[in-house]
Amino acid sequence: MSENEERPAVSAIVRGRRRRLVTSVLSALITAALVVLLPRAVGATWTQVGTVLGQVSAGSLAVLAVVWIAGLWAHSFVLAASLPGLTKRRGLTLNLTGSAVANVLPLGGAAGTALNFAMVRRWGFSPGAFGASLAVTTLLNVASKLGVVALALGLIPILHSGHAFGSASLLLLPVPAAVVASLWILVDERAAVAVGSLLDKVARVFRRTDFKDRLPDLRRRILQVMRAGWQPMTVGMVAYVALQLALLWLCFAVLHVPLGLPVLFTALAVERLLTLVPITPGSAGVVEVGTTAALVALGGDPAGVAAGLLLFRGFTYLMEIPVGGVLLAAWSWLQSRASPAALEEPAG
């Protein structure tokens, strides 16, 4: 490559790095602002929130950690069933390392997926198998969140807050619409071909794609995975959601903040949906403010619900960063020490 050709390439790399830096800084500022303003947004102060959080004992934190790990272990059954040959231990590693990256970087979901792809390739899995696993687990995750929302909406008459939550639920229409479209593709191969052709036309503005052939092939892979592993995936996902609810309940219980099960389920529904908002890494700040505001609107004490939600997110968001980071460092070290022959061994 000549010097004249190198300059535009270098400039593009520099511009890309600058954009990523600016995005990271803005995302960090938004997250910090949302978290700092959390108590004031719901009518409390950090002193009041800190007083409530001060009631947590070391024993209570240990119990919460066990429930948190149990939830992640339950989800590893989903990952293992979606990628035949993957062990539960490796599934747990994929979950935590991917989450650690996603919780740190702006729009980190893509970076976490890229990391997981590199890991499963090192373990001997094919790109097609990973693609099918990713599609299945994504669909199951969204479906589980919609299931929680559906149950929460069913509890609205008990909460006597149907008007406020009912109008807000209109904002959720794109999510079930996307799920319905995905199910349509799974049921009818002609739909997969039609959607693939449409995506090819849209993407043609930027680059040439082959979704028309790839989407039906992905559909067949997904159906094969779901037929073989729907039982462990279903049990694992239900157990994961149940343990998330148990963790949420325990976070408020150890703080002596009384909240009924319908209110807690509504909080879990709001929290699960807000995690789909990719404004900040791991939707940090957005989830805390939105879920706390919903709990206060349902009659919760501002300081108490803010403290309980921060404790819950301390496990489901914050703890994933150091734990996942340690696992990633250990995996990288093991890979650097592995022989080329070991890297080529079949997945297991």
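Which residue's side chain meets that of E288 in a salt bridge? I will come to that in a moment, after a word on the model.

What we are looking at is a predicted model, so local features need a pLDDT of at least 70 and side-chain atom pairs count only at pLDDT 80 or more, whereas totals for chains, interfaces and linings use all residues. Residues are numbered from 1 along each chain as its sequence is written, and side-chain values use heavy atoms, with hydrogens and water left out.

The partner of E288 is R313, and the N to O distance between their side chains is 2.8 Å. By salt bridge I mean a side-chain nitrogen of Lys or Arg within 4 Å of a carboxyl oxygen of Asp or Glu. This pair links distant parts of the chain, with E288 in helix α14 (residues 286-297) and R313 in helix α15, 25 residues apart. Helices here are DSSP runs of H or I with at least four residues, numbered from the N terminus.

By the salt-bridge rule the count comes to three. In another of these, E271 pairs with R313, the closest N and O atoms being 3.8 Å apart. E271 lies in helix α13 (residues 261-274) and R313 in helix α15 (residues 302-318), so this pair ties together parts that are 42 residues apart in sequence. E271 also meets R272, with 2.7 Å from N to O. Taken together, E271, R272, E288 and R313 are linked in a network of salt bridges.

The expected span of a helix is 1.5 Å times one less than its number of residues; for the twelve residues of α14 that gives 16 Å, and the end C-alpha atoms are 16 Å apart, which agrees. Its buried residues are V286, V287, E288, T291, T292, A294 and L295. Just after α14, G299 takes a positive phi of about 105°.

Finally, a separate site: S99, found in helix α5 (residues 88-102). S99 is buried, with a relative accessible area of 15%, and its side chain reaches the backbone oxygen of N95 at 2.8 Å.

Technical notes:
Helix = DSSP H or I, 4+ residues; strand = E, 2+ residues; numbered from the N terminus. Buried < 20%, exposed > 50% of the residue type's maximum accessible area, 1.4 Å probe, protein only. Polar contact = N/O pair within 3.5 Å; in protein donor to acceptor, adjacent residues only side chain to side chain.
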